[in-house]
Amino acid sequence: MLANRHCLFRYFSKMHCGSEIFQDVELFAGVEATLLAALSSQFFVLDVPRRVVILKQNQPVDALRVLLNGKAMAFCEHGLRFAAMGLFNAGDGFWWDGLIGGGVASISVQTVEDSRLLIMPSSPLKDLIHSSNRFCENVMRQQASFAERQLRAMKGLKLRSASERLAAWLLENAHKTNSKDRVDLPIEKQLLASELAMTPENLARSLGNLVPHGIKLDGKRIWITNRAALEKFVQPTASIEGRPAEHFASQICENF
């Protein structure tokens, strides 16, 4: 279970940011530099250690959070039940629906590694929305990408077994590394199991089940020893995996 459930601002002080903080954030790409400079004094950044809750379910949303670096896990709770909902990576902003609709946060978010967070209070954020068409385009593009990720994740839950979901996750994350044959688990196994709608016990069994299909277990590191066999087991499709799956599918046709 998650270790820290306390309010973020109880432990961390504000550090106001300069306009240079926006340079490498896709959300602000193409936005007028003078506009960002004028508003930057109203934004601030936080350096947040791992395992700290930075957004709490059912609390009012008074600011947009943007991950400048690091990773965070979205999760939800109901009674004694807990479910991980997915990872946020550098450049992701959340939680828009509470800001736009004036509601409360529908999920909680906790850092899974040391991270830097940009905090954008609602008042200057609305000024930016009203003043910059390019910023609005960036927001729409980011939210469309997020919605697509969520839809593909739902398809995986509905159409694949637990072992197939795990194998697909390994292929996706190995594809992001330079070697493309190694996966270092970026989060705790309990959180990974919850994200894939599995119990930790099912995750352990599924890892064992995938060994004959081309993986080798090495602690928190997993090696893909036979990519063609693993892809044949998953049967990747662009409808679920997205565009990289087209490359996977072409390899399957060539090898089988």
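A residue is called buried when its relative accessible area is under 20%, exposed when that area is over 50%, and partly exposed in between, using a 1.4 Å probe and protein chains only. The model is predicted, so local features need pLDDT of at least 70 and side-chain atom pairs count only at pLDDT 80 or more, whereas totals for chains, interfaces and linings use all residues. Residues are numbered from 1 along each chain as its sequence is written, and side-chain values use heavy atoms, with hydrogens and water left out.

**View 1. The protein chain as a whole has ten helices and twelve strands.** Helices (H or I, at least four residues) and strands (E, at least two) are DSSP runs numbered from the N terminus. Of the 256 residues in the protein chain, 43% are buried. The chain exposes about 13,500 Å², of which carbon and sulfur atoms supply 52%, with areas computed by the Shrake-Rupley method with a 1.4 Å probe and, for residues, only the protein chains shown counting as cover.

**View 2. Strand β12 (residues 221-224) is joined to both β10 and β11.** Two strands pair if DSSP finds at least two bridges between them. Strand β10 (residues 182-184) runs antiparallel to β12 and is joined to it by three bridges, with aspartate 184 having arginine 221 as its bridge partner. Strand β11 (residues 215-218) is also antiparallel to β12, through four bridges, and here leucine 217 has isoleucine 222 as its bridge partner. Two residues lie between the strands in the hairpin of β11 and β12, where glycine 219 takes a positive phi near 65 degrees. In a regular strand the side chains alternate between the two faces of the sheet. In β12, Ile222 and Ile224 form the covered face, while Arg221 and Trp223 form the uncovered one.

**View 3. Helix α3 (residues 122-131) has buried residues Pro124, Leu125 and Leu128.** These residues lie on the same side of α3 because they cover an arc of only 105 degrees around the axis, the arc being that of the directions from the helix axis to the C-beta atoms. Their cover includes α1 (33-39), β4 (63-69), α2 (96-101), β9 (115-121) and α4 (133-159).

**View 4. Arginine 160 and glutamate 241 meet through their side chains in a salt bridge (2.4 Å, N to O).** Arginine 160 lies in the loop between α4 and α5 (162-175) and glutamate 241 in helix α9 (residues 238-241), so the pair ties together parts that are 81 residues apart in sequence. A salt bridge here is a side-chain nitrogen of Lys or Arg within 4 Å of a carboxyl oxygen of Asp or Glu, and a search of the whole structure finds eight of them. Arginine 160 is buried at 10% relative accessibility, and glutamate 241 is buried at 15%.

**View 5. Aspartate 92 and arginine 149 form a salt bridge (3.8 Å, N to O) between their side chains.** This pair links distant parts of the chain, 57 residues apart, with aspartate 92 in the loop between β6 (81-88) and β7 (93-94) and arginine 149 in helix α4. Aspartate 92 is buried, with a relative accessible area of 12%, whereas arginine 149 is partly exposed, at 28%.

**View 6. Aspartate 62 and arginine 65 form a salt bridge, with their closest N and O atoms 3.8 Å apart.** Aspartate 62 is partly exposed, with a relative accessible area of 48%, but arginine 65 counts as buried at 7%.

Notes:
Contact means heavy atoms within 4.5 Å.
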